Structure formats: C-alpha cells, structure tokens
Amino acid sequence: MKYKVRDVVKIREDLKLYKKYNGIYFTSAMITDSGYATISSICKINGIVCYSILENNYNYSEDMFECIVKKKRKEVKEETKVINTEVVSKDYNPGRYIKDYAIIVPNKVVEVLFKDDETEKMVCHKEDTFDIRRCLFIALAKHLYKKEYTFEGIEYKANKMMMMKRYIKTVDAAIKNHVKDELVIQRQKEQELEKQKSANKKHERLLAYKERCRKKEEERQIEIKKEAYLRAMREYDLEKKTLKKK
C-alpha cells in the first residue's frame with residue numbers, strides 16, 4: 001500500500017466525474033473544499049485497496065491521490081479554513097443574491113434575476129418534479145460556480161446550500177418577496193378592476209339619466225304641442241261662434 005493512516009494526501013485536480021479509478025467511481029460528493037484529504041482508515045473491497053478520509057468518509061483509490069503532502073494535519077486544516085473563508089466571502093457578495101424570478105412556462109421554465117442584474121434560465125426536465133425552491137438553489141449554485149464546476153458539481157453545491165442557513169434565508173426571502181410582489185400586483189389588478197367596474201356603473205347611470213332626461217323632454221314637447229293644438233282649436237271655435245252671431 002502506497003499510503004497509510006494519518007497521511008495527508010492531495011486529491012488529483014484532473015479527476016473526471018463518474019469515471020472509475022482503479023475500480024472506484026469519482027463523484028461530485030467526493031470533492032473537498034481544500035483539495036487535501038487525511039486518510040482515516042484503509043480496507044480492501046473485492047480486492048481493491050480503499051482509503052477512507054476524515055473530510056467526508058468516502059472511499060478513494062490510490063489513483064485518485066496525487067502525492068503525500070509534507071504538512072501536519074493542523075496546517076492543512078488552517079489552509080482549509082482560509083479557503084472556506086474565501087469561498088464564504090465570495091458567496092456573500094450582495095450582488096450575487098437573488099433579486100427576483102419569473103415563471104416563464106408554468107412548471108417548466110424559470111428565469112432568475114440576481115442583484116448584479118445577471119440572469120440564469122432554469123428548465124425542469126420531464127423526468128423531474130418541478131420545485132421552485134430547489135430550482136432557486138440550483139440557480140444560485142449555477143450563478144456562483146458555473147465557471148468552476150460541471151453540472152453535476154453545481155447540483156452537489158446546491159445540495160450543500162440547502163443545508164446552510166445563509167442560503168436558506170436567501171432563497172426563502174426571494175420566494176417571500178416574490179409572493180408578496182405577486183399579491184401586490186394581484187391587489188392592484190383587483191383595485192383596477194373595481195375602479196373599472198365603478199367607472200362602468202357611473203357611465204351606465206349617466207347614460208340612464210340622459211335617457212330619462214331625453215324622454216322627459218320628449219314628453220314635455222308633446223305636451224307643449226298638445227297644449228298649442230288645443231289652444232288653437234279653442235280659438236278657432238271662438239272665432240267661428242263670433243262669425244255666426246254677426
């Protein structure tokens with residue numbers, strides 16, 4: 001065996017996801033933040049020497065390690081802390097947080113807008129169940145790590161984010177704000193509809209009032225004509241009687 005328990009080794013940077021290395025598949029979950037690993041135990045599975053590490057308890061083969069690092073475990077931990085601090089600092093960039101999102105196609109396509117005015121378009125595959133919360137976690141991971149990780153690595157990062165308070169707060173706040181905005185828009189639409197209904201009723205009342213006025217005017221004109229006709233007939237009868245007396 002090339003390595004022994006408590007050896008600090010460097011994981012190869014050229015490992016490809018889901019490729020076998022001496023009989024063991026390398027997956028995204030086996031990526032460590034620092035790139036270092038401390039061997040915790042050694043065993044043989046089906047004749048293959050497997051190295052378990054402290055960082056994640058996954059089994060690695062010898063082909064996955066590059067070399068033994070000539071450093072004490074404490075120094076490696078300190079480097080890991082520095083790297084993690086840098087990652088946190090990068091992730092905490094306010095410009096990278098979710099500003100809003102829009103569901104372009106229901107249960108299918110979502111466009112996520114970030115505070116740096118960049119967008120990520122997310123498409124739900126046919127075999128997957130649409131979940132807006134998971135969609136936002138993947139979009140956030142993609143936005144932060146698309147230049148560094150493959151899609152499998154981004155999914156791994158998204159799964160880790162779903163257990164980290166700061167990202168949970170980010171996603172929950174984005175959903176809450178979106179729902180609040182949707183409610184505001186819905187309320188505005190309802191208010192506009194109520195205003196339109198009120199305006200329509202007012203217009204109908206105005207039309208009804210004008211119609212009543214028109215009918216009253218018609219009746220008044222008829223009464224005037226009728227009165228004029230009766231007056232003319234009385235005058236005619238009076239004139240006729242006067243002629244007869246003469």
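Student: Which residues of α3 are buried?
Tutor: Gly153, Ile154, Tyr156, Lys157, Ala158 and Met161 are the buried residues of α3. Keep in mind that this is a predicted model.

Student: And what do the buried residues of α3 pack against?
Tutor: They pack against α2 and α4, the latter covering residues 165-245.

Student: Stepping back, how many helices and strands are there in the protein?
Tutor: The protein has 4 helices and 10 strands. Starting at the N terminus, the elements run β-β-β-β-β-β-β-α-β-β-β-α-α-α.

Student: What share of the residues is buried?
Tutor: Of the 246 residues in the protein, 27% are buried. As for contacts with a separation of 6 or more, 53% of them are between residues 24 or more positions apart.

Student: Now the sheets. What is the strand order in the open sheet of 5 strands?
Tutor: The order is β6-β5-β4-β1-β7, and the pairing is antiparallel. β6 (59-60) and β7 (65-68) are the edge strands; each has a single partner, so one side of each has no neighbour in the sheet.

Student: How many bridges join β4 to β5?
Tutor: There are 6 bridges between β4, residues 36-45, and β5, residues 48-53, and the two strands run antiparallel. In that pairing Lys44 stands opposite Val49 of β5.

Student: What about β8 and β9, parallel or antiparallel?
Tutor: Antiparallel, over 6 bridges, with β8 at residues 98-105 and β9 at residues 109-114. Tyr101 stands opposite Val112 in β9.

Student: Which residue in that hairpin takes a positive phi?
Tutor: Asn107 does, with phi near 60°; the hairpin of β8 and β9 has 3 residues between the strands.

Student: And how many residues lie between β9 and β10 in their hairpin?
Tutor: There are 4 residues between β9 and β10, and Asp117 in the turn has a positive phi of about 70°. Those two strands pair in the antiparallel sense over 5 bridges, with Val110 opposite Met122 in β10.

Student: Met122 again, in a pocket this time. Which residues lie nearest the centre of the second largest pocket?
Tutor: Met122, Val123, Cys124, Asp128 and Ile138 lie nearest the centre, out of 16 lining residues. The space in this second largest pocket is about 370 Å³.

Student: Which elements supply at least two residues of that lining?
Tutor: β10 (119-123), α2 (132-145) and α3 (151-161) each do. α2 gives the most, with 4 residues.

Student: How does the lining divide into nonpolar, polar and charged?
Tutor: The lining of the second largest pocket has 7 nonpolar, 2 polar and 7 charged residues.

Student: Last topic, cysteines. How many disulfides are found in the whole structure?
Tutor: A search of the whole structure gives 0 disulfides.

Student: Cys50 and Cys213, buried or partly exposed?
Tutor: Cys50 counts as buried, because its relative accessibility is 4%. Cys213 counts as partly exposed, because its relative accessibility is 33%. Buried here means under 20% relative accessible area, and exposed means over 50%.

Notes: Residues are numbered from 1 along each chain as its sequence is written. This is a predicted model: local features need pLDDT of at least 70, side-chain atom pairs count only at pLDDT 80 or more; totals for chains, interfaces and linings use all residues. Side-chain values use heavy atoms; hydrogens and water are left out. On a 1 Å grid over the protein atoms alone, a cavity is a set of points where a 1.4 Å probe fits but cannot get out, and a pocket is an open set with protein on both sides within 12 Å along at least five of seven lines; lining residues have an atom within 4 Å of a point. Grid points are joined across faces, edges and corners, and a volume is the space filled by probe spheres set on the points. Ala, Val, Leu, Ile, Met, Phe, Trp, Tyr, Cys and Pro count as nonpolar, Asp, Glu, Lys and Arg as charged, and the others, Gly among them, as polar. Two strands pair if DSSP finds at least two bridges between them. Buried means under 20% relative accessible area, exposed over 50%, partly exposed in between (1.4 Å probe, protein chains only). Contact means heavy atoms within 4.5 Å. A disulfide is a pair of cysteine sulfur atoms within 2.5 Å.
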